[in-house]
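Have a look at the fold before reading on.

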Amino acid sequence: MTTEQLLPSTEKKQGPIETPVKTIFKKFANQRDVSLVYGDPIELGLKKVVPVAKVRYGVGGGSDGTGGEGGGGGFMINPIGVYEITPEDVKFKSTIDWKVLLALTVCTFGLFLVLKMVKK
C-alpha cells in the first residue's frame, strides 16, 4: 500500500498543511529583500495600508575538525507600524503608543519613590 492510499481524502486534495512558521521560512529563503520588512499592501477603499516590521536574523555553523559539524540560526520579526496611503497623504502609524508608554514610566517612577519613602 502506498502513502497516498493511506492518507485521508482531504490531505490528498489539499496537500500538507502550511504552518505560519513554515511560510515565513519559505519567504525568508526565497525573498531576501524589502518584502520581509514591508508586507503586502492591503487596500481598503481609497486607502492602502502597508505593514512594516523590523527583521533581525543570524546564522552560524562550524566543525571541530574531526568530522563533527553543526549549525543553526534564528530570526525575529517585530511589527513596528503601518503606512497609510491615501490620495491626499501618506502617514506612518507606529504600533507603539508613546502616550501610554510615558504614562507607565511616570507611574512606575512614582511608585518607586513612594516605596522608597515607606522603607525609611
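A contact here means heavy atoms within 4.5 Å. Of the contacts in the chain with a separation of 6 or more, 35% link residues 24 or more positions apart.

Some ground rules: this is a predicted model, where local features need pLDDT of at least 70 and side-chain atom pairs count only at pLDDT 80 or more, while totals for chains, interfaces and linings use all residues. Numbering starts from 1 along each chain as its sequence is written, and side-chain values use heavy atoms, with hydrogens and water left out.

| Item | Value |
|---|---|
| Buried share of the 120 residues | 8% |

The chain holds four helices and four strands, read as DSSP runs (helices H or I, at least four residues; strands E, at least two) and numbered from the N terminus. Starting there, the order is α-α-α-β-β-β-β-α.

Now the sheet. The four strands make an open, antiparallel sheet ordered β1-β2-β3-β4, where pairing takes at least two DSSP bridges between two strands. Because β1 (42–44) and β4 (90–94) sit at the edges with a single partner strand each, one side of each has no neighbour in the sheet. On average, neighbouring strands are turned by 25 degrees against each other, direction ignored (axes are lines fitted to C-alpha atoms).

Technical notes
Axes fitted to C-alpha atoms, helices over the stretch in contact; angles between N-to-C directions. Buried < 20%, exposed > 50% of the residue type's maximum accessible area, 1.4 Å probe, protein only.
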